[in-house]
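Here is a short report on packing and charge pairs in one protein model. Please keep the structure open while you read.

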Amino acid sequence: MKNDIISQYVERVFAFSLNHTFSYEEAEELSQEILTTVLKELPKLRKEESFEFFLWAVAKNVTRTFKRNMVNSARCLLTICPRKPFIMRMMTLCLKNSIPN
């Protein structure tokens, strides 16, 4: 039953992920994290009617964590990069435009 419900949203979750990442590969990874988290947390859902709200709430939270982790890993890479000031400015501009509130 739950796989039937989730399979209806796979393409929409991927489209959501594409809109919140910088590449196809990141979107695939984010989609997988979202759907895995939904499957894991699904037993906590009381009413099936509220599934869509639940799905998008999970998607928003997982996306926020995903982006935070991407920023932290990029910061680690920047510690060894000689062009650090330029890259930091570019990252800041990109992130300001992409992180949901």
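Predicted model: local features only at pLDDT ≥ 70, side-chain atom pairs only at ≥ 80, totals over all residues.

Residues are numbered from 1 along each chain as its sequence is written, and side-chain values use heavy atoms, with hydrogens and water left out.

**Helix α2**

Helices here are DSSP runs (H or I, at least four residues), numbered from the N terminus. Helix α2 spans residues 10-19, and V13, F16 and S17 are buried in it. These three cover an arc of only 100° around the axis, so they sit on the same side of α2. The arc is taken from the directions from the helix axis to the C-beta atoms. An α-helix has 3.6 residues a turn, so residues three or four places apart point the same way. E11 and N19 are exposed, on the face of α2 turned away from its buried side. Buried means under 20% relative accessible area, exposed over 50%, and partly exposed in between (1.4 Å probe, protein chains only).

**What does the side chain of S17 meet in a polar contact?** The partner is the side chain of S31, at 2.9 Å. A polar contact is a pair of N or O atoms within 3.5 Å, one able to donate a hydrogen and the other to accept it. S17 has a relative accessible area of 0%. Beyond four places in sequence, S17 is in contact (heavy atoms within 4.5 Å) with A27, L30, S31 and I34.

**The core**

The largest nonpolar core has 18 residues. Such a core is a set of buried Ala, Val, Leu, Ile, Met, Phe, Trp, Tyr and Cys residues joined through side-chain atoms within 4.5 Å. I34, V38, F51 and F54 touch the most other members. Two or more residues each come from α1 (2-7), α2, α3 (24-41) and α4 (51-78). The largest share, seven residues, comes from α4. Leaving out residues up to four places away in sequence, F51 touches I5, I6, Y9, V38, L42 and L45.

**Salt bridges**

The whole structure holds two salt bridges. Each needs a side-chain nitrogen of Lys or Arg within 4 Å of a carboxyl oxygen of Asp or Glu.

| Pair | Distance, N to O |
|---|---|
| R12 and E52 | 2.9 Å |
| K44 and E41 | 2.7 Å |

R12 lies in α2 and E52 in α4, so their pair ties together parts 40 residues apart in sequence. R12 is partly exposed at 43% relative accessibility. E52 is partly exposed too, at 32%. K44 is exposed, at 61%.
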